Each structure stands twice: as C-alpha cells, then as structure tokens.
Amino acid sequence: MADEVIVDALPYIDHGYDDVGVRESAMAMVEEECRRYRPTKNYLDHLPLPASTPFETPLMINEFERIQNRLPMETLSMKRYELPPPPSGKLSEVSAWQESIENSMAQLEHQWVRSLNLELMLDYGTEAWKSYLEVFTAMQAKAQLQLQQLKKDMQDVNWQRKQAQTQAGEKLRALEAHWVLLVSKNYEIETECVELEKVIKAAREQLDQLTPSSEEQLPQTEHINGHATRSDSNDTNSNDVDEAAAENEDEPTNDA
C-alpha cells in the first residue's frame with residue numbers, strides 16, 4: 001500500500017547498537033545531513049496561515065496590535081484605591097468635595113466587602129478547602145488510573161512488537177539458513193561442473209591424440225575399397241557357376 005510504512009529495524013533482534021563506533025557513525029551521519037541542509041528564511045511559506053481569528057477576543061486583538069506596534073504595556077491603575085483631596089484650585093467648589101466623598105464611600109464599601117470575605121473565609125474556608133482537596137484528589141486518582149492504563153497499553157504494544165519481531169527474527173534466521181544452504185549447493189554444483197568440464201576437455205584432448213589424421217586414413221580406405229571390389233567379383237563368379245550347374249541339371253540326357 002502507498003501509505004504503508006516499512007520498518008527495516010528490529011531492535012529486539014538486531015544487535016550491535018552498543019558496539020564501539022556505532023553511535024559515532026550515526027552522529028556523523030546526522031552532522032553530515034545538518035551540514036547539507038540549508039533552510040530558507042521561512043520554510044513554511046507554502047503553507048496557509050492558521051485561522052486564529054475565531055478564537056481572538058477584542059482584548060486579545062488590542063493586545064496583539066500593541067505588541068505589533070511595539071508599544072509599552074499600560075501600568076496598573078491604582079487611582080481607584082486612592083483618596084485624593086480636591087485640587088487646590090477647586091477647594092471652594094462643592095462638586096469637587098462631593099466627588100471626593102463618593103470616592104471615599106466607595107473605598108469604605110470595598111474595604112467592608114474585603115472584611116466580610118475574610119470573615120466568610122474564616123467560617124467556611126476550611127470546609128471549602130477540604131471540598132476542593134477532595135475534588136482535586138478525585139481528579140488526581142482519575143489521572144493516575146488513566147496513566148496506568150496508558151502505561152499498560154504501552155506495555156502491551158511493546159510486548160506485541162517484541163513478539164512480532166521475535167517471530168520475524170526466527171523466520172529471517174530460517175530463511176538465512178536456507179539461503180546459505182542454497183548458496184552452498186550452488187557452489188558445490190558449480191565446482192562439480194568445473195570438474196566435469198575439465199574431465200570432458202581432457203577426454204577430448206586424449207581422443208584427438210588417438211584419432212589418426214586424414215592422410216593416414218586415405219590408404220587404409222583405398223585398401224578397404226579394393227578388398228570390397230574383389231569380394232564382389234568373386235561373389236558374382238560363384239553366382240554364375242551355380243546358375244550354370246542348375247541349367248545342366250534341368251536339361252534331359254541323350255541316352256534318354
């Protein structure tokens with residue numbers, strides 16, 4: 001398949017990772033790759049920008065604009081916690097004093113709310129904290145269970161990987177042994193073929209030495225042909241004599 005990943009490493013079977021020079025060789029390959037890699041100014045130009053606007057609030061937008069414009073952050077205003085008197089130029093104005101009185105009343109109310117919260121915390125803070133700790137403990141226990149399940153899943157995956165690699169290693173060793181056997185047989189066959197070729201070559205050379213040449217065979221051929229001719233003529237004469245004797249026996253005699 002196109003999306004299938006072929007893993008060519010079997011760490012549960014392969015050995016030699018801790019040998020001397022293996023780590024150095026791997027690091028040298030990584031350094032060579034880093035030297036040959038020349039990143040551009042922005043290697044993500046071909047990718048579209050992420051759509052982050054749906055998650056931006058008006059406050060975030062203003063803050064991003066401030067950071068982009070390199071403006072300083074506004075300091076925390078403590079004016080609401082101050083009780084300034086009216087300005088020196090407005091000491092005779094009733095509205096200025098009224099504003100100062102309203103500000104002091106707001107500060108007084110704020111302090112009263114703080115004291116009320118402290119009293120409530122003293123009365124119910126302990127139980128609320130215990131309740132929070134119980135919730136937090138339950139969340140921690142749940143997270144621990146999830147962590148244990150994840151560790152168990154990881155252990156199962158590693159066990160499956162080890163089992164699969166062990167089976168693959170046994171198959172690879174069997175195939176390797178079979179390959180070695182076949183290579184050995186091929187080598188033996190090639191050796192035997194070479195020996196047979198030597199024997200055939202030696203037999204041909206010996207046959208060439210024993211076989212006479214064509215000039216030596218010519219007189220023998222003529223002698224054989226002459227002997228065959230004489231034999232044929234003798235056979236013809238004997239046949240004529242036999243035919244004549246047979247005719248004489250068939251003719252009637254004069255006395256009869």
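Student: On a 1 Å grid over the protein atoms alone, a pocket is an open set of points where a 1.4 Å probe fits, with protein on both sides within 12 Å along at least five of seven lines. How much space lies in the largest pocket?

Tutor: About 300 Å³, where volume is the space filled by probe spheres set on the points, joined across faces, edges and corners. This is a predicted model, in which local features need pLDDT of at least 70 and side-chain atom pairs count only at pLDDT 80 or more, while totals for chains, interfaces and linings use all residues. Residues are numbered from 1 along each chain as its sequence is written, and side-chain values use heavy atoms, with hydrogens and water left out.

Student: Ok. Which residues lie nearest the centre of that pocket?

Tutor: Lys79, Pro84, Glu99, Ser100 and Asn103. They belong to a lining of 13 residues, each with an atom within 4 Å of a point.

Student: And the lining by class?

Tutor: Five residues are nonpolar, three are polar and five are charged. Nonpolar covers Ala, Val, Leu, Ile, Met, Phe, Trp, Tyr, Cys and Pro, charged covers Asp, Glu, Lys and Arg, and the others, Gly among them, are polar.

Student: Take Ser100. Is it buried or exposed?

Tutor: Ser100 has a relative accessible area of 18%, so it is buried (under 20%; exposed is over 50%, partly exposed in between, with a 1.4 Å probe and protein chains only). Ser100 sits in helix α3.

Student: What is Ser100 in contact with, leaving aside neighbours within four places in sequence?

Tutor: Three prolines: Pro84, Pro85 and Pro86, contact being heavy atoms within 4.5 Å. Pro84 is also among the residues nearest the pocket centre.

Student: Where is Pro85 found?

Tutor: In the loop between α2 and α3. Pro85 and Ile101 are 16 residues apart in sequence, with 9.1 Å from C-alpha to C-alpha.

Student: Step back a bit. How many helices and strands are there?

Tutor: Four helices and zero strands, so the element order from the N terminus is α-α-α-α. Helices (H or I, at least four residues) and strands (E, at least two) are DSSP runs, numbered from the N terminus.

Student: What share of the chain is buried?

Tutor: Buried residues make up 4% of the 256 residues. As for contacts between residues at least 6 apart in sequence, 49% of them join residues at least 24 apart.

Student: New topic, aromatics. How many aromatic pairs?

Tutor: Two. The ring centres of Trp129 and Tyr132 are 5.3 Å apart and the planes are at 35 degrees, so that pair is tilted. Rings of Phe, Tyr and Trp (its six-membered ring) pair if their centres lie within 6.5 Å; planes under 30 degrees apart are stacked, over 60 edge-to-face, the rest tilted.

Student: Where do Trp129 and Tyr132 lie?

Tutor: Both are in helix α3 (residues 94-210), three residues apart, about one turn of the helix. Trp129 is exposed at 53% relative accessibility, and Tyr132 is partly exposed at 44%.
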